[in-house]
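The sequence and the structure come first.

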Amino acid sequence: MENLEWAIARIKAALPGLPLLENENMAEHCSFKIGGPVRAMAIPGDVSSLSKICYLLKEEHIAPYMLGNGTNILFPDEGLNDLFIISTQRLTRMFQLPDGAIYAEAGVSLAKLASFAQQNSLQGLEFASGIPGSVGGGLIMNAGAYGGELKDTVESVVLYYLPEQRLYELTKEQCAFGYRSSLFQKLGGCVILSAVFRLEQGDGEEIAAKMRELNQRRREKQPLDLPSAGSAFKRPEGHFAAALIDQAGLKGFRVGGAQVSEKHAGFVVNTGSATSHDVYDLMIEVRKRVHDHSGVVLEPEMILLPPDFKLEDHGPAIPLHRITETDTEEE
């Protein structure tokens with residue numbers, strides 16, 4: 001903790017205009033509307049400020065936690081008083097390159113990216129128009145919907161590698177994208193800064209019509225009126241998580257203020273008073289009952305904090321990112 005306090009003091013001195021929120025409740029910064037305070041959250045407005053923050057944290061042996069729009073994460077109610085967060089929400093530059101590709105920084109919302117593509121008659125990102133996350137977070141998990149994934153449109157990604165304090169540009173192939181996975185989940189110390197998206201020319205009106213169609217399907221099928229972190233569990237191979245949960249009789253199942261959505265069983269929603277422990281306990285029970293009913297082990301799609309939380313009732317423990325100095329080493 002002493003190192004963290006000294007790092008905060010150094011960052012304040014080096015970047016006096018930096019928005020630096022201390023003891024900030026994370027319920028205000030995630031779509032679940034759940035979570036207690038973290039020690040500090042910096043919100044740099046450019047790559048230079050971000051790199052300076054990372055440099056000072058590294059000198060004090062502090063590994064920051066990177067946060068995008070907070071749409072797939074659950075923070076604990078007790079808070080995390082040893083956590084320093086860097087938010088990319090102000091990294092929002094986006095423009096079309098001379099060769100027609102789109103450059104977008106990590107904090108650009110996927111909805112705005114899809115809208116920008118449509119305005120320039122570029123097709124391929126229609127599926128992303130209703131995904132609430134950001135470019136950075138979307139790339140880390142290879143976000144997708146309705147048969148499309150970000151890996152289908154990405155040409156390259158620029159990242160800041162904390163251990164070496166250097167910038168790297170990776171090709172799509174080097175990013176090792178898979179189903180809801182990427183290199184960035186395995187390689188500690190990566191901070192995604194921007195990406196280039198290569199899309200095909202299309203008809204702007206037809207692209208807009210496709211986006212309206214997909215967003216209408218979302219409104220009809222997903223519980224967008226209640227706080228959640230999107231799909232709670234990944235799609236198991238050969239199955240659909242929502243169908244397995246529904247078949248186990250769990251649609252509408254509640255623990256405290258947390259509920260398996262009655263509209264879409266793949267979502268866990270906050271009915272208004274959910275705690276992080278309500279969500280944890282609900283997910284443990286859902287995982288157990290689905291396993292008992294179908295033999296399938298569900299894996300969470302959302303990020304669950306604190307790092308030592310595991311679902312050990314059935315199947316392997318959830319692999320969670322542990323915030324330690326070893327995070328800067330490649331696994």
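Two strands are taken to pair if DSSP finds at least two bridges between them. Helices (H or I, at least four residues) and strands (E, at least two) are DSSP runs, numbered from the N terminus. The model is predicted, so local features need pLDDT of at least 70 and side-chain atom pairs count only at pLDDT 80 or more, whereas totals for chains, interfaces and linings use all residues. Residues are numbered from 1 along each chain as its sequence is written, and side-chain values use heavy atoms, with hydrogens and water left out.

**The sheet**

An open sheet is formed by 5 strands in the order E6-E7-E13-E11-E12, with antiparallel pairing. Strand E6 (94–96) and strand E12 (166–171) are at the edges with a single partner strand each, so one side of each has no neighbour in the sheet. On average, neighbouring strands of this sheet are turned by 20 degrees against each other, direction ignored; axes are lines fitted to C-alpha atoms, for helices over the stretch in contact, and angles run from 0 to 180 degrees between N-to-C directions.

E6 pairs with strand E7 (residues 102–105) in the antiparallel sense over 3 bridges. Opposite Tyr103 in E7 stands Phe95, and opposite Ala104 in E7 stands Met94. The hairpin of E6 and E7 has 5 residues between the strands, and Gly100 takes a positive phi near 100 degrees there. E7 also pairs with E13 in the antiparallel sense, over 4 bridges; Glu105 has Ser194 in E13 as its bridge partner.

In a regular strand the side chains alternate between the two faces of the sheet. In E7 both faces are covered: Ile102 and Ala104 on one side, and Tyr103 and Glu105 on the other, are all buried. Buried means under 20% relative accessible area, exposed over 50%, and partly exposed in between (1.4 Å probe, protein chains only).

**Helix H3**

What covers the buried residues of H3 includes E6, E7, strand E8 (122–123), helix H4 (135–141), E13 and helix H5 (204–221), where contact means heavy atoms within 4.5 Å. The buried residues in H3 include Leu110, Leu113, Ala114, Phe116, Ala117 and Gln118. Just after H3, Ser121 takes a positive phi of about 55 degrees.

**Nonpolar cores**

A nonpolar core is a set of buried Ala, Val, Leu, Ile, Met, Phe, Trp, Tyr and Cys residues joined through side-chain atoms within 4.5 Å. The largest has 41 residues, of which Phe32, Ile85, Ile245, Leu282 and Val286 touch the most other members. Elements that each supply at least two residues of this core include strand E2 (37–42), strand E5 (80–87), helix H6 (241–247) and helix H7 (276–294). H7 gives the largest share of this core, 6 residues. Another core, of 37 residues, lies apart from it and has Ala114, Phe116, Leu187 and Ala195 among its members.

Beyond its neighbours within four places in sequence, Leu282 is in contact with Phe253, Arg254, Val255, Ala258, Gln259, Val260 and Val268.

**Rings**

Rings of Phe, Tyr and Trp (its six-membered ring) pair if their centres lie within 6.5 Å; planes under 30 degrees apart count as stacked, over 60 as edge-to-face and the rest as tilted. The count of aromatic pairs by this rule is 3. Two of the edge-to-face pairs are listed here.

| Pair | Distance between centres | Angle between planes |
|---|---|---|
| Tyr161 and Tyr168 | 6.3 Å | 75 degrees |
| Phe177 and Phe184 | 6.4 Å | 65 degrees |

Tyr161 is buried at 13% relative accessible area, while Tyr168 is partly exposed at 29%. Phe177 is buried at 16%, and Phe184 counts as buried at 9% relative accessibility.

The charged end of Arg289 sits over the ring of Phe253, 4.7 Å from its centre. This label requires NZ of Lys or CZ of Arg within 6 Å of the ring centre and within 35 degrees of the ring normal.

**Two buried loop positions**

Glu301 is in the loop between H7 and strand E19 (303–304) and counts as buried at 16% relative accessibility. Leaving aside neighbours within four places in sequence, the contacts of Glu301 include Asn72, Met141, Tyr179, Arg180 and Lys234.

Pro236 lies in the loop between strand E15 (228–231) and H6, and counts as buried at 12% relative accessibility. Its C-alpha atom is separated by 7.8 Å from that of Val297, 61 residues apart along the chain. With neighbours within four places in sequence left aside, Pro236 is in contact with Ala241, Leu244, Val296 and Leu298.
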